Amino acid sequence: MTEQRKAVALISGGLDSLLAAKVIQEQGIHVEGINFYTGFCVEGHTHAIRKKDQKKSKRNNALWVAEQLGIKLHIVDIVEEYKDIVFNPKHGYGANLNPCLDCKIFMVSKALEWIRKKDFDFIITGEVIGQRPMSQRKETMPVVSGESGAEDLLLRPLCGKNLPQTLPEREGWVERGGLYDFSGRSRKPQMALAAKFGFEDYAQPAGGCCFLTDAQYSVKLADLWRARGSKQYEMDDIMLLKVGRHLRPAPHYKVIIAREEGEGNFLQGYRKQFVSIKTISHAGPLALIDGEPTAADIELAARLVARYSQGRDADLVELEVMDREGTSYPLKVEPIKPHEIPQEWHI
Amino acid sequence: MSRVTLDARRLLCPMPVIRVQDKIATLAPGTVLEAICTDPGVMNDIPAWCRINGHKVIETRSDRAEYIVVIEVGE
């Protein structure tokens with residue numbers, strides 16, 4: 001009896017990784033999934049935070065894909081290790097702060113570590129030549145397999161016919177004839193294959209699930225690095241960049257103002273880490289001040305918070321300022337006028 | 001049957017799932033794990049993770065702003 005070979009599939013939760021894993025399952029290979037959590041796969045977070053999104057489906061697409069395939073899914077926290085990829089991408093950034101090629105190389109190298117530890121035989125990804133302008137080009141395919149160390153243990157079932165033979169093909173574990181030759185940005189071949197396999201409901205995230213591909217998010221991250229004088233972040237930073245209006249009146253501090261109740265509840269959890277401001281005399285948002293504000297800075301921040309409260313047209317709005325130790329004091333300010341807020345304060 | 005509690009409050013998905021996964025890796029089959037979370041997404045994600053990895057969800061409930069998932073560890 002021949003030994004059943006085992007492959008681990010990188011599962012992002014999108015259609016390509018779903019199909020790649022299915023193609024290999026169809027060849028009698030035991031497949032398990034691996035999903036890497038970088039901290040930037042925050043699609044579900046805003047749904048969890050914002051009240052208006054709380055009725056939206058909070059399905060984790062990677063788990064959903066694994067369930068469709070009937071495979072185990074291993075979710076791996078790589079938040080700390082991933083920082084070096086974000087700070088110093090050898091192959092540079094894409095259109096925003098997305099280090100896509102370095103990211104792919106890193107994830108494949110982590111998958112290689114995993115298969116060695118778990119005694120699996122090879123790695124599958126849903127990559128397609130020409131699908132993505134930075135990381136999925138004909139020239140980058142050997143870069144990913146080479147620099148990750150995976151070499152010919154990396155099989156891309158959706159475009160394998162356009163690539164050199166891999167070990168699983170040479171050894172006869174996988175038939176090359178059962179692979180595909182997809183290329184380019186068109187999604188039609190994938191959609192046709194999904195229909196053939198009977199998959200009707202699948203995620204099609206534009207730009208993937210990574211917030212580093214988002215222009216607005218990248219601007220906020222770059223601002224954070226500039227303000228701190230170096231490229232660094234913690235998980236709380238990543239989360240807070242997703243929440244509220246961010247205004248930076250001066251280099252040494254910025255104000256994060258909740259846009260709705262859900263965000264206010266979320267920011268509430270950070271009141272011991274930041275100076276916070278809340279309106280008292282009128283309904284209004286909770287705000288945090290990130291940085292080391294002076295008394296004059298706090299007063300200006302309070303005027304901004306008042307501007308976004310129900311008291312925006314009042315002569316004076318009363319607010320409560322709380323420091324990190326929980327000591328609070330009241331403050332009455334005149335709401336700032338829209339023309340007094342320079343556009344460049346908005347991050 | 002031993003019972004273990006996991007505090008996954010203030011974590012957003014998928015971190016509570018990862019904490020459950022890592023905790024279960026250290027527990028014997030039959031152990032009951034109670035995960036206390038604040039992200040409502042766990043009500044979908046932890047049961048989904050349990051289904052594909054062979055563990056049984058005994059109970060899910062919400063208590064004010066907390067979401068609790070009780071799991072019996074599988075083989």
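Reply: Helices (H or I, at least four residues) and strands (E, at least two) are DSSP runs, numbered from the N terminus. A:Asp223 lies in one of these runs, helix H9 (residues 215–228) of chain A. Keep in mind that this is a predicted model: local features need pLDDT of at least 70, side-chain atom pairs count only at pLDDT 80 or more, and totals for chains, interfaces and linings use all residues. Residues are numbered from 1 along each chain as its sequence is written, while chains are lettered from A and ligands numbered from 1 in the order in which they are written.

Me: Why is A:Asp223 called partly exposed?

Reply: Count the C-beta atoms, placed from the backbone, within 10 Å of a residue's own: 20 or more others make it buried, 12 or fewer exposed, and anything in between partly exposed. A:Asp223 has 16, so it is partly exposed.

Me: What does A:Asp223 touch, not counting residues up to four places away in sequence?

Reply: A:Arg248 and A:Ile347. Touching, or being in contact, takes C-beta atoms (again placed from the backbone) within 7 Å. There's also A:Pro251, 28 residues from A:Asp223 in sequence and 9.3 Å away in space, C-alpha to C-alpha.

Me: What makes H3(A) "mostly covered"?

Reply: Seven of its nine residues pass the test for buried. They are A:Asn61, A:Ala62, A:Leu63, A:Trp64, A:Val65, A:Ala66 and A:Leu69. Their cover includes helix H1 (15–25), strand S2 (30–37) and S3 of chain A, plus H2 of chain B.

Me: How many residues does each chain put into the contact?

Reply: Chain A gives 19 and chain B gives 17. On the chain A side, H3(A) contributes the most, with four residues. That side splits into nine nonpolar, five polar and five charged residues. Here Ala, Val, Leu, Ile, Met, Phe, Trp, Tyr, Cys and Pro count as nonpolar, Asp, Glu, Lys and Arg as charged, and the others, Gly among them, as polar.

Me: Which residues touch the most other members of the largest nonpolar core?

Reply: A:Ala7, A:Ala21 and A:Ile123, in a core of 73 residues. Helix H5 (residues 100–118) of chain A gives this core the most, nine residues. A second, separate core has 40 residues, including A:Leu212 and A:Leu331. Each is called a nonpolar core because it is a set of buried Ala, Val, Leu, Ile, Met, Phe, Trp, Tyr and Cys residues joined through C-beta atoms within 7 Å.

Me: What does A:Ala7 contact, leaving aside its neighbours within four places in sequence?

Reply: Quite a list, including A:Ile24, A:Val31, A:Phe120 and A:Ile123. Across chain A, 65% of contacts between residues at least 6 apart in sequence join residues at least 24 apart. Also, 45% of the 347 residues in chain A are buried.

Me: At what angle do helix H1 and helix H2 of chain B pack?

Reply: About 35°, with axes 9 Å apart. The axes are lines fitted to C-alpha atoms over the stretch in contact, and angles run from 0 to 180 degrees between N-to-C directions. B:Pro16, B:Val17, B:Val20 and B:Gln21 in H1(B) meet B:Val42, B:Asp45, B:Ile46 and B:Trp49 in H2(B). By class, that contact has six nonpolar, one polar and one charged residues.

Terms used:
Two residues are in contact if their C-beta atoms, placed from the backbone, lie within 7 Å.
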